[in-house]
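Have the coordinates open as you read, and follow along topic by topic.

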Amino acid sequence: MALLPRKPDLLGRVERALQAGGWNVLYLTGPGEHPARYRIEKDGTYHTLKVYIWNVTHGGGNRNVAEYRIQITGINPQQFIPEITGKTLILGYWTAEDVFAGFDYSFHDGPLGGSASLQIGEQALLGANQQRFAMHEKGNGELAVAFMPDFLGSYVDNLAALHATGQVPAEVDLLARLAADPAAVPQAEIDATIASHRQFAITKTRRALRALDFRSRVLTAYSHRCAMCSVQLRLVDGAHILPVSEPASTDETANGIALCALHHRAYDRGLLTFDGHFRTHINDLQVQELTNSGLDGGIAAFGGAVRHVIHLPASVLDRPNPAFVAQANSLRGWTFR
């Protein structure tokens, strides 16, 4: 039987999941200290977090075979102490399927007793593995949430609203359908079903799920490798070829390309692109303007790192659609001889 991860390893998984989602993670406690405290930031959004985490294991004994739990041990006092100016996360991690479980602090804000445990069903854990996140209703308004690591940032961002839906059956139903297929739940239904003070968070969750699905498909198609320079290193994004702001843009894999952080920004700013034959091009006019402004430092190394032809997915169906490529290049003012 494999050994379960220790606390520093569990916290490391939390940190890597946040970082992989684009969050900057600053440590407010020493590495491996439990509970851990972090300050995280992404695109101007900041959160201060206190993170409690244990392994998810089977309930044991004569318990239902589908019942899993975290066993609350090793904290003194035997009570969760909230992050007053931030968010308190009570997490479990299921090694078998690389799935997190999140529990609602508001239902566990008092003394816990000597052998406290928090339960979550196997169906939710397996559902998260299949569709990124899933819920477990406990019958008293409490909702436990299971989710894949790439959803952790969105869970943190929308923590209170996600758990609070557990008190409204219609909202739980909508959230379950949204988890199964975010594209199938229109915004009008969210507006009609979700309480007004939770609508923004659930809309953000829907948008995040669609983006994560797109990103996952694109990165998998490109083997997590930048199409322009072949770098991996967990520095690669799933970028839209035709920007999402365009009416004709879609979330299909053929409208995506894997780009490292540098080449993603360069592509969006029109410094480089690729054509319908997948050949790469650097914008000579921009290079001349940069040279004239004395801002061309590194241009030789930049150009030397770019492949002549982009790295392509193995499946022809996943490769960039020439129609999206042509329209995106036209929008950015590219012309080719």
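Helix H5 (residues 169–180) packs against helix H7 (residues 196–221) at an angle of about 20°, and their axes lie 10 Å apart. H5 is therefore roughly parallel to H7 (an angle under 35 degrees). This is a predicted model, in which local features need pLDDT of at least 70, side-chain atom pairs count only at pLDDT 80 or more, and totals for chains, interfaces and linings use all residues. Residues are numbered from 1 along each chain as its sequence is written, and side-chain values use heavy atoms, with hydrogens and water left out.

**The H5 and H7 pair**
- From H5, Glu 171, Leu 174, Leu 175, Leu 178 and Ala 179 meet Arg 198, Ile 202, Thr 205, Arg 206 and Leu 209 of H7 (contact means heavy atoms within 4.5 Å).
- The residues of this contact of H5 with H7 divide into 6 nonpolar, 1 polar and 3 charged.

**Leu 159**
- Leu 159 is found in helix H4 (residues 159–164).
- Because its relative accessibility is 10%, Leu 159 counts as buried (under 20%).
- Leaving aside residues up to four places away in sequence, Leu 159 touches Lys 87, Thr 88 and Leu 89.
- Between Leu 159 and Pro 169 there are 10 residues in sequence and 18 Å in space, C-alpha to C-alpha.

**His 264**
- Helix H8 (residues 261–268) holds His 264, which counts as buried at 18% relative accessibility.
- The side chains of His 264 and Asp 237 are joined by a polar contact of 2.9 Å (a pair of N or O atoms within 3.5 Å, one able to donate a hydrogen and the other to accept it; residues adjacent in sequence count only if both atoms are side-chain atoms).
- Not counting residues up to four places away in sequence, His 264 touches Asp 237, Ala 239 and Leu 259.

Conventions. Helices (H or I, at least four residues) and strands (E, at least two) are DSSP runs, numbered from the N terminus. Buried means under 20% relative accessible area, exposed over 50%, partly exposed in between (1.4 Å probe, protein chains only). Axes are lines fitted to C-alpha atoms, for helices over the stretch in contact, and angles run from 0 to 180 degrees between N-to-C directions. Angles under 35 degrees count as roughly parallel, over 145 as roughly antiparallel, 65 to 115 as roughly perpendicular and the rest as oblique. Ala, Val, Leu, Ile, Met, Phe, Trp, Tyr, Cys and Pro count as nonpolar, Asp, Glu, Lys and Arg as charged, and the others, Gly among them, as polar.
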